[in-house]
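Have the viewer open and follow along as you go.

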Amino acid sequence: MPDIHHWYGDDLALSPSGDLAVVDGIDLGNQRIVRRLMTAVGGYLWHLDYGAGIPQRIGDTLDLAAIEALVASQIFLEASVSRTPPPKITVQPILGGVFVSITYTLARTQLQTSIEFDVSI
């Protein structure tokens with residue numbers, strides 16, 4: 001089922017007709033993963049257990065293994081992510097933050113896809 005097209009940190013997207021744009025498939029899976037990883041733990045009033053809070057870890061002593069483990073535990077909470085084969089997660093330091101790369105399989109279609117993004121101050 002499609003969802004509203006709203007990439008974390010951006011404005012809502014509009015369709016060519018001026019309605020709210022929708023997203024489905026790979027883009028929907030990527031959008032939901034990034035939103036979950038970037039949302040602070042307890043950031044949603046009615047879903048206090050939602051979110052990984054990766055941006056809140058920037059500025060602390062950098063523990064790449066802990067961030068990779070956090071990403072792995074959180075993305076499995078998204079229905080679009082298949083457990084097999086397991087996702088490949090890489091977290092690398094960059095100036096002022098981390099670079100995250102995730103390769104995973106979509107649960108519904110079994111297509112392999114990837115997403116990459118920076119988390120920085």
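This is a predicted model: local features need pLDDT of at least 70, side-chain atom pairs count only at pLDDT 80 or more; totals for chains, interfaces and linings use all residues.

**Helix α2 on its own**
- Helix α2 covers residues 64-75, which is 12 residues.
- From first C-alpha to last, α2 reaches 16 Å, close to the 16 Å expected at 1.5 Å a residue.
- Its buried residues are Ile67, Leu70, Val71, Gln74 and Ile75.
- Viewed down the axis of α2, these buried residues fall within an arc of 115°, so they line one face of the helix.

**How α1 meets α2**
- The two helices, α1 and α2, pack at an angle of about 125°, and their axes are 10 Å apart.
- That angle makes α1 oblique to α2.
- The crossing of α1 past α2 is right-handed.
- On the α1 side, Ile33, Arg36 and Leu37 make the contact, and on the α2 side Val71, Gln74 and Ile75 do.

**Backbone details in the loops**
- Between Thr84 and Pro85 the peptide bond is cis, with omega near -10°.
- Pro85 sits in the loop between α2 and β3.
- Gln110 is not a glycine, yet its phi is positive, at about 65°.
- You will find Gln110 in the loop between β4 and β5 (112-120).
- Gln110 has 46% relative accessibility, so it counts as partly exposed.

Methods: Residues are numbered from 1 along each chain as its sequence is written. Side-chain values use heavy atoms; hydrogens and water are left out. Helices (H or I, at least four residues) and strands (E, at least two) are DSSP runs, numbered from the N terminus. The expected span of a helix is 1.5 Å times one less than its number of residues. Buried means under 20% relative accessible area, exposed over 50%, partly exposed in between (1.4 Å probe, protein chains only). The arc is that of the directions from the helix axis to the C-beta atoms. Axes are lines fitted to C-alpha atoms, for helices over the stretch in contact, and angles run from 0 to 180 degrees between N-to-C directions. Angles under 35 degrees count as roughly parallel, over 145 as roughly antiparallel, 65 to 115 as roughly perpendicular and the rest as oblique. A crossing is left-handed if the near helix is turned anticlockwise from the far one by less than a right angle, and right-handed if clockwise. Contact means heavy atoms within 4.5 Å.
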